[in-house]
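Please open the structure in your viewer and keep the selection panel at hand.

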Amino acid sequence: MSRKILLKHIDVPGIRGLKAYRENGGYQALEKALKSMKPDEVTEEVKKSGLRGRGGAGFPAGMKWSFIAKPEGVPRYLVCNADESEPGTFKDRYLMSHLPHALIEGMIVSSFALGANTSYIYIRGEMLYVYHILEEAIAEAYEAGLLGKNILGSGFSLDLYVHPGGGAYICGEETALIESLEGKRGNPRIKPPFPAVKGVWGCPTVVNNVETIASVPHIVNMGGDEYAKIGIGKSTGTKLISACGHINKPGVYEIELGLPAEEFLYSDNYCGGIRNGKKLKAVVAGGSSVPILPGELFLKTANGEPRLMSYESLADGGFASGTMLGSGGFIVMDEDTSIVKNLWNFTRFYHHESCGQCSPCREGTGWMEKLLHKFLDGHATIEDIDLLWDIQSKIEGKTICPLGDAAAWPVASAIRHFRSEFEEYVKNPHSIKDVKHYFRINNLVEQ
Amino acid sequence: MRHKDKSEVVFSDDASALIAKIIKRYPVGKQKSAILPVLHIAQAEFDGWLSVPVMDKVSEILSIQPIEVYEVASFYTMFNLKPVGKCVIEVCRTGPCWLMGAEDIVKYIEKKLNIKEGQTSSDGMFTLKTVECLASCGTAPMMQIGQTYHENLTTNKVDDILDDYRNQGVCISHFAKDKIKA
């Protein structure tokens with residue numbers, strides 16, 4: 001369960017550069033694909049591998065590729081979604097800044113499979129230093145004949161560019177990202193048409209997450225069937241989990257899917273347990289959007305089965321008692337954490353990031369933030385809890401893009417599992433004011 | 001105001017060359033796509049913010065209407081639409097950082113610089129902004145200055161970092177000035 005694929009060579013000195021990357025097996029998949037495979041055969045291997053989108057939705061990547069329209073004379077595009085901005089998620093930044101060529105090789109192989117001759121990496125504007133790392137690596141790849149015209153003599157040509165965003169969470173949604181790449185505000189599009197038919201500049205487009213694309217060369221190297229043996233059930237392969245919050249060892253971990261949740265949280269190979277000997281209160285297992293689970297429900301399903309780090313096991317019990325693997329943004333909260341205060345922060349975030357197109361999201365997120373502020377200020381009522389529940393239920397599923405759901409789920413799950421904490425703040429308004437999180441900063445001057 | 005209108009806005013030769021190179025990355029006729037990278041470069045060239053004359057100049061360069069630039073610049077949070085200090089401090093305030101004390105880092109900087117979030121210090125050196133998750137949750141609390149991530153913050157660390165920038169006294173931008181070349 002400790003198999004490393006994506007991060008196997010991350011500690012090799014100089015691995016950010018082309019030379020060290022190639023010395024450690026880099027660009028072998030590209031040679032294999034270009035010299036011995038047809039584009040559709042690459043897609044077939046990705047299908048066989050069972051690789052699922054690593055950005056959060058978990059949609060089978062090979063299937064997504066197979067939807068791409070191929071009208072005669074119309075260019076197709078591959079766009080990498082490197083707009084990593086789901087709170088709790090920092091795996092793509094880590095991967096790109098340490099192993100830029102892993103993404104670039106994945107982009108070339110995937111573009112070959114899709115028949116794209118121009119591809120883009122849409123990176124968060126805030127990560128401009130990574131933008132420059134990628135640009136340097138791309139320049140190296142051009143220099144070595146791995147990008148540009150007639151790559152490795154195969155007849156396949158590809159231009160690859162990095163495109164910076166400007167600071168907008170919504171641009172992680174693929175149609176908003178496409179709008180943004182076209183130089184517009186990041187307002188999601190109504191689907192259909194799906195990007196595979198009408199994407200950037202009206203052309204067939206596939207948008208994939210960084211980690212998804214970086215996994216493709218490994219699938220080509222080992223074969224889809226072999227890759228599918230890693231992991232558990234329909235959760236094939238390895239997954240990067242970015243762990244943060246009140247744990248001893250925050251960081252990015254590559255796990256084989258199916259690792260027991262308890263081992264991930266408490267083993268010194270991973271999170272190393274809760275900081276300062278505190279008890280576990282709650283876990284947000286897959287980025288801020290997924291339902292929060294109380295510690296006990298995170299470790300064991302409602303049926304008492306040990307929870308595994310896989311798409312299926314984390315979702316076991318539906319939203320009544322389960323959650324989602326999501327993007328792998330793993331946020332741990334200890335016994336001193338106020339769920340309500342944390343929820344206010346998340347809801348404020350979604351209100352700030354709502355693009356404003358759909359009224360349920362635009363108005364609902366702001367309304368929920370205001371209501372949660374009443375709890376913080378100590379004048380909330382019991383009716384406010386029911387009102388919160390009502391509002392979130394009227395956002396979910398009623399918006400163009402999933403940001404509405406992402407804003408609703410944290411509220412619903414917090415009330416579902418921690419209603420007593422909301423009630424306590426109503427009965428005892430001062431108790432929330434006593435909650436402080438800053439004692440963790442060792443040398444902070446009391447104010 | 002540094003520029004009265006767009007005729008006074010002149011990009012450096014390096015910036016102009018880089019912009020020309022970036023525009024070529026998009027299909028012919030789709031030069032509007034270059035708007036975000038060009039706005040980053042414009043902000044780095046002209047004191048860390050986008051004035052109306054600068055945005056008008058960008059619309060001219062990209063052959064689009066000024067409103068197409070305004071609506072984009074006002075949508076994305078990295079673009080400052082009013083003057084800022086030489087050094088913009090962007091403290092992450094979202095969930096994971098906040099769980100680790102981001103709120104108090106903000107309060108500490110406010111007290112230290114005698115400003116509130118969104119304001120600029122009286123010497124024009126620092127502007128304090130709070131921003132959303134910067135994908136640095138494992139090293140929380142954190143802040144960004146220019147393109148540099150300052151992580152695992154403590155108040156002592158904040159003191160040292162801000163002293164450093166004050167001593168350098170130079171204008172820091174997201175798009176690093178030494179990267180503005182074709």
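Is A:Arg54 buried or exposed? Select this residue to begin: A:Arg54 is buried, because its relative accessible area is 0%, and buried means under 20%. Please keep in mind throughout that the model is predicted.

**Stop 1: a salt bridge within chain A**

The side chains of A:Arg54 and A:Glu211 form a salt bridge, with 3.9 Å from N to O. This pair links distant parts of the chain, its members being 157 residues apart. A:Arg54 belongs to the loop between helix H3 (39-49) and H4 of chain A, while A:Glu211 is in helix H9 (residues 210-222) of chain A. A:Glu211 is also buried, with a relative accessible area of 0%. Side chains of opposite charge can pair when their charged atoms come close.

Now extend the selection to A:Lys91, A:Asp92 and A:Lys239. Together with A:Arg54 and A:Glu211, these residues are joined into one network by salt bridges that share partners.

**Stop 2: a salt bridge between chains**

Select B:Glu132 and A:Arg348. Their side chains meet in a salt bridge, at 2.7 Å from N to O. Here the pair crosses between chains: B:Glu132 lies in the loop between S2 and strand S3 (143-145) of chain B, and A:Arg348 lies in helix H15 of chain A. How accessible is B:Glu132? B:Glu132 has 6% relative accessibility and so counts as buried. A:Arg348 likewise counts as buried, at 8% relative accessibility.

**Stop 3: a partly exposed pair**

Return to chain A and select A:Arg22 with A:Glu31. These residues form a salt bridge in which the closest N and O atoms are 3.8 Å apart. A:Arg22 is partly exposed, with a relative accessible area of 32%, and A:Glu31 is partly exposed as well, at 30%. Over all chains, the structure holds 40 salt bridges.

**Stop 4: the largest pocket**

Select A:Gly55, A:Gly56, A:Ala57, A:Gly172 and A:Glu173. Of the 45 residues that line the largest pocket, these lie nearest its centre. The space in this pocket is about 1200 Å³. Four elements of chain A give two or more residues each to the lining: helix H4 (61-66), helix H5 (91-98), strand S4 (205-209) and helix H18 (403-427). Which element supplies the largest share of this lining? It is S4(A), with five residues. If you colour the lining by class, you will find 18 nonpolar, 16 polar and eleven charged residues.

**Stop 5**

A:Met63 is partly exposed, with a relative accessible area of 39%.

**Stop 6: the second largest pocket**

Move to chain B and select B:Thr77, B:Phe79, B:Asn80, B:Lys129 and B:Thr130. The second largest pocket has 34 lining residues, and these are the ones nearest its centre. Its volume is about 510 Å³. Both chains take part in the lining: helix H15 (339-353) of chain A and strand S2 (126-131) of chain B are the elements that give two or more residues. S2(B) provides the largest share, four residues. The lining consists of 14 nonpolar, eleven polar and nine charged residues.

**Stop 7: the largest cavity**

How many cavities of 30 Å³ or more does a search of the whole structure find? The search finds three. To view the largest cavity, select B:Gln43, B:Val88, B:Ile172, B:Ser173 and B:His174, which lie nearest its centre among 17 lining residues. The space within this cavity is about 140 Å³. Helix H2 (35-45) and strand S1 (87-92) of chain B are the elements giving two or more residues to its lining, and H2(B) gives the most, with three. By class, the lining has six nonpolar, eight polar and three charged residues.

Key:
Residues are numbered from 1 along each chain as its sequence is written. Chains are lettered from A and ligands numbered from 1 in the order in which they are written. This is a predicted model: local features need pLDDT of at least 70, side-chain atom pairs count only at pLDDT 80 or more; totals for chains, interfaces and linings use all residues. Side-chain values use heavy atoms; hydrogens and water are left out. On a 1 Å grid over the protein atoms alone, a cavity is a set of points where a 1.4 Å probe fits but cannot get out, and a pocket is an open set with protein on both sides within 12 Å along at least five of seven lines; lining residues have an atom within 4 Å of a point. Grid points are joined across faces, edges and corners, and a volume is the space filled by probe spheres set on the points. Ala, Val, Leu, Ile, Met, Phe, Trp, Tyr, Cys and Pro count as nonpolar, Asp, Glu, Lys and Arg as charged, and the others, Gly among them, as polar. Buried means under 20% relative accessible area, exposed over 50%, partly exposed in between (1.4 Å probe, protein chains only). A salt bridge is a side-chain nitrogen of Lys or Arg within 4 Å of a carboxyl oxygen of Asp or Glu.
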